[in-house]
Amino acid sequence: MAMFDAIVIGAGMSGLYQLHKLRQLGLKVRVYEAGGDVGGTWYWNRYPGARFDSESWSYGYSFDDEVLKEWEWSEHFAAQPETLAYLNYVADKLKLRRDIRFDSRVTACAYDEAANEWEVTLEDGDTARCRFLITAVGPLSTPVWPTIPGIQDFKGESYHTATWPHHPVSFAGKRVAVIGTGATGVQTIQEVAKTAGTLTVFQRRPNWCAPLVNAKITAEEQAKIKASYPEIFARCRASHGCFIHDADPRRALEVSPQEREAFYEQRYAEPGFGIWMGNFRDIFVSREANDTISEFVARKIRERVKDPKIADKLIPKDHGFGTRRVPLETNYYEVYNQPNVTLVDIRETPIERITPAGIATSDTQRDFDMIIYATGFDAVLGGFNKMEITGLGGRTLKDKWAEGPRTYLGLQVEGFPNLFTLVGPHNAATFCNIPRCIEQNVEWVSDVLAHMQKQGLNRIAATRAAEDAWTEHVYETGQKLLFTQVDSWFMGINTNLPGRNKRTFLLYAAGAPAYRERCDEVAARGYEGFTFD
Ligand code: NA7
């Protein structure tokens with residue numbers, strides 16, 4: 001059986017960098033990747049309109065000056081093909097592919113206590129062993145199809161956005177249905193509406209969307225970006241979610257209504273997440289403050305959608321602005337002014353079944369040529385749930401996390417020695433301009449391994465006490481936030497998965513700077529909370 005120092009599961013953004021760092025430590029590494037090539041999220045999510053909501057130039061890796069010098073983003077918010085090309089370019093430049101086995105889905109990982117080794121089993125039955133196991137499976141990598149009866153009966157084309165085919169798909173002249181209006185649905189809808197014969201959107205709950213304000217990067221801007229990478233990354237490091245936008249120090253309720261209105265107008269007109277991440281601090285904790293921005297955005301929706309009844313359906317009533325993921329959009333609301341676009345509110349007229357010809361709701365049957373499912377993921381936990389991960393004493397991770405995840409720093413789990421969970425639950429990376437947090441995760445794990453190498457240590461395990469304290473801290477930091485009072489994937493809710501209707505908490509809410517500080521403190525204290533052998 002093949003033996004490695006480390007096995008990394010996944011060749012997306014985190015797996016690629018982890019491989020690079022482990023090679024620098026001189027370790028023998030193997031990466032297993034379920035997809036046919038590198039890219040993770042950007043390999044799978046090829047749906048029409050898929051693109052960044054982070055500024056492109058804040059998203060790339062920051063660790064390699066040559067990469068920063070050579071690579072040129074064409075747009076402030078690049079589309080999926082460009083991001084995938086970028087990750088291919090990095091993989092080639094760093095010669096990463098030779099240690100990656102593609103089309104290799106890991107189905108099981110079992111810790112062998114006597115040997116202090118992990119045994120990894122692939123879908124094809126092949127096995128390999130390693131000392132350190134690092135999951136780089138991504139927070140949004142397990143697509144979920146809705147549990148609507150009759151899905152298999154549909155005779156037309158059916159696609160899930162997250163497993164979009166590699167061949168071109170035409171919408172021209174077709175009757176297209178989209179189910180789901182999250183960040184993915186919004187991007188899909190605004191793109192499909194450009195060419196579809198008819199487009200029917202099946203919306204369960206609307207989200208608060210805000211303008212992306214994308215543009216091509218001019219030559220002048222390109223030069224400026226390249227000259228200011230250190231400042232860009234420093235700004236990201238200092239902000240709560242590692243975006244270039246950070247909360248305004250003022251409170252919505254302490255400024256005058258005029259000042260507030262002017263500020264909201266300005267943020268609404270600006271590119272990116274400024275209106276979410278760069279808003280007044282109190283909109284995330286005070287309902288009254290949140291009402292001011294929610295009312296502002298509702299007004300914008302009413303201004304942009306001609307039919308007041310449709311506008312009303314597009315305005316969320318069950319949660320305030322920014323308490324779920326804010327989809328960024330380009331003419332999304334104007335799509336509903338097109339004569340060929342219909343919005344079906346499925347809380348009023350629920351979908352009863354998918355039929356061979358289309359979709360039957362409680363009031364009517366509509367026929368389609370294509371149904372697109374933009375119904376999301378088994379967020380954060382999905383990548384782990386898909387594998388049988390067995391730790392000390394034969395205990396599985398699924399069993400351990402049955403009531404919600406428990407981790408230490410979102411990077412290790414008690415009872416699962418030598419297992420590191422990049423971008424795992426309760427890790428700041430789950431709510432982050434993700435490459436920034438990925439780099440922190442990967443570098444922290446690489447430092448631990450370097451420390452162990454130096455000290456001749458072979459086994460690292462999180463203590464129960466450290467895990468309990470971290471888990472408690474994670475829940476505490478979430479407590480005051482309005483978004484923990486709302487059903488969303490942040491809270492582990494997924495109506496399409498059994499037993500997932502109870503809120504837990506999957507993120508880390510105190511922000512990336514606080515998280516980084518905690519991780520650094522733990523390291524500085526000789527990896528407090530871990531035991532070594
Ligand atoms: P999301 O944000 O989980 O959105 C999924 C959407 O699909 C959402 O509108 C759901 O409505 C809807 N949905 C899910 N199941 C059903 C069923 N059974 N019937 C009708 N509608 C359904 O996933 P996305 O892919 O958009 O985005 C995930 C993240 O990826 C995003 O935050 C970005 O960071 C990238 P609901 O709101 O649950 O009523």
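**Stop 1**

Start with arginine 101 and aspartate 124, which form a salt bridge with the closest N and O atoms 3.3 Å apart. Remember as you look that this is a predicted model.

**Stop 2: a network**

Next, select Asp112, Glu117, Glu119 and Arg129. Salt bridges link these residues in a network.

**Stop 3: lysine 313 and its neighbours**

Select lysine 313 and glutamate 348. Their side chains meet in a salt bridge, at 3.1 Å from N to O. Where does each partner sit? Lysine 313 is in helix H12 (residues 308–314), while glutamate 348 is in the loop between strand S12 (341–345) and strand S13 (351–354); the pair therefore ties together parts that are 35 residues apart in sequence.

Lysine 313 counts as partly exposed, because its relative accessibility is 23%. Glutamate 348 counts as exposed, because its value is 53%.

The side chain of glutamine 203 reaches the backbone oxygen of lysine 313 at 2.9 Å. Glutamine 203 belongs to strand S9 (residues 198–203). Is glutamine 203 buried or exposed? Its relative accessible area is 1%, so glutamine 203 is buried.

What does glutamine 203 touch, leaving out residues up to four places away in sequence? Its contacts include Thr181, Leu314, Leu343, Val344, Asp345, Ile346 and Arg347. Lysine 313 is one of them as well.

**Stop 4**

Move on to glutamate 467 and lysine 400. Their side chains meet in a salt bridge, with N and O 2.8 Å apart. This pair links distant parts of the chain: glutamate 467 is in helix H17 (residues 464–479) and lysine 400 is in helix H15 (residues 397–400), 67 residues apart. Are the two partners buried or exposed? Both glutamate 467 and lysine 400 are buried.

**Stop 5: two backbone angles**

Select valine 423 and look at its backbone. Its phi is near 55 degrees, a positive value in a residue other than glycine. Valine 423 lies in the loop between strand S18 (419–421) and H16. With 3% relative accessibility, valine 423 counts as buried.

Now go to histidine 426. What is the phi of histidine 426? The angle is near 65 degrees, again positive in a residue other than glycine. Histidine 426 is found in the loop between S18 and H16. This residue is buried, with a relative accessible area of 0%.

**Stop 6**

Zoom out. The domain assignment lists domain 1 (2–38 + 96–142 + 379–532) and domain 2 (183–373). Their centres, taken over C-alpha atoms, are 31 Å apart. How many residues make the contact? Domain 1 gives 21 residues and domain 2 gives 23 residues.

The two domains bury about 1800 Å² between them, and carbon and sulfur atoms give 63% of that area. Select Phe431, Arg436 and Leu482. These three supply 30% of the area that domain 1 buries against domain 2, more than any other three residues.

What holds polar partners across this boundary? There are 10 residue pairs in polar contact between domain 1 and domain 2. Salt bridges across the interface number zero.

Finish with two helices. H16 (434–455) and H18 (512–524) each supply at least two residues of the side of domain 1 that touches domain 2. H18 gives the most to that side, with three residues. Colour this side by class: 12 residues are nonpolar, five are polar and four are charged.

Key:
Residues are numbered from 1 along each chain as its sequence is written. This is a predicted model: local features need pLDDT of at least 70, side-chain atom pairs count only at pLDDT 80 or more; totals for chains, interfaces and linings use all residues. Side-chain values use heavy atoms; hydrogens and water are left out. Domain bounds come from an automatic or database domain assignment. Contact means heavy atoms within 4.5 Å. Buried area is the accessible area (1.4 Å probe) that two parts lose on being put together, summed over both. A salt bridge is a side-chain nitrogen of Lys or Arg within 4 Å of a carboxyl oxygen of Asp or Glu. A polar contact is a pair of N or O atoms within 3.5 Å; within protein, one must be able to donate a hydrogen and the other to accept it, and residues adjacent in sequence count only if both atoms are side-chain atoms. Helices (H or I, at least four residues) and strands (E, at least two) are DSSP runs, numbered from the N terminus. Ala, Val, Leu, Ile, Met, Phe, Trp, Tyr, Cys and Pro count as nonpolar, Asp, Glu, Lys and Arg as charged, and the others, Gly among them, as polar. Buried means under 20% relative accessible area, exposed over 50%, partly exposed in between (1.4 Å probe, protein chains only).
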